[in-house]
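The following note concerns aromatic contacts and one patch of the surface. Please read the points beside the structure shown here.

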Amino acid sequence: VATADEAALPADPRVRRLSAPGLGRAEARNLAAEAATGPWLMFADERDAVLKPEALAGYLSAAAGLQAEIVTSPTLEFAHAGAPRDGWDSFVGLLPAGANLTLAAFENCLGEACFLIDRAAFLKVGGFARDASEALRDRLLLTEAALSGARLEVAPTPLFWKRIKPAGPLEIADPSADQRRLLAAYAPRDA
């Protein structure tokens, strides 16, 4: 938790604040996952994702009902300033198709920005890759977990909104490097 955000968090004995200045997003999330004691981890893109009030209950219900170790959901996208208004100003963005690992090598059909994952499945794949771009991190984690045998399912309804950025300066990224990094996850691993 960033120092500026700590005052905004309510005092709750179930919440433990960790401080590790200087860590990147992947390292901070991995540290939090290692320190967690519950069976589930939920990750949400803190810059762009806005959870629906029923998000956590929806993810947990889908996990139980579908016997899944990973649950993603369709994305509702919005572009205006301020909070999204349910039923008014969002449209379906990414519509995950589920764990089609053949398609997942070339197209994101698994999910992004917000998902629930079994802590053991997360730790089994080593958490978020530190060497992956921000654009690839969630997709790579979901791909590696599904390839390792974790069952990935999609919640039946959108459980979060994602703010889409207006067109601006092009973000410097190397799509070829991201594709090579993703395909490397499919390479056989030595036991």
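Predicted model: local features only at pLDDT ≥ 70, side-chain atom pairs only at ≥ 80, totals over all residues.

1. Residues are numbered from 1 along each chain as its sequence is written, and side-chain values use heavy atoms, without hydrogens and water.

2. Phe122 and Phe128 have ring centres 5.5 Å apart and planes at 65°, so this pair is edge-to-face. Rings of Phe, Tyr and Trp (its six-membered ring) pair if their centres lie within 6.5 Å; planes under 30 degrees apart count as stacked, over 60 as edge-to-face and the rest as tilted. Both Phe122 and Phe128 are buried.

3. The structure holds five aromatic pairs. In one of them, the ring centres of Phe43 and Phe128 lie 4.9 Å apart with planes at 90°, so the pair is edge-to-face. One aromatic cluster is formed by Phe43, Phe115, Phe122 and Phe128.

4. Arg29 places its charged end over the ring of Phe128, 5.2 Å from the ring centre. The criterion is NZ of Lys or CZ of Arg within 6 Å of the ring centre and within 35 degrees of the ring normal.

5. Is Leu31 buried or partly exposed? Leu31 has 34% relative accessibility and therefore counts as partly exposed.

Key
Buried < 20%, exposed > 50% of the residue type's maximum accessible area, 1.4 Å probe, protein only.
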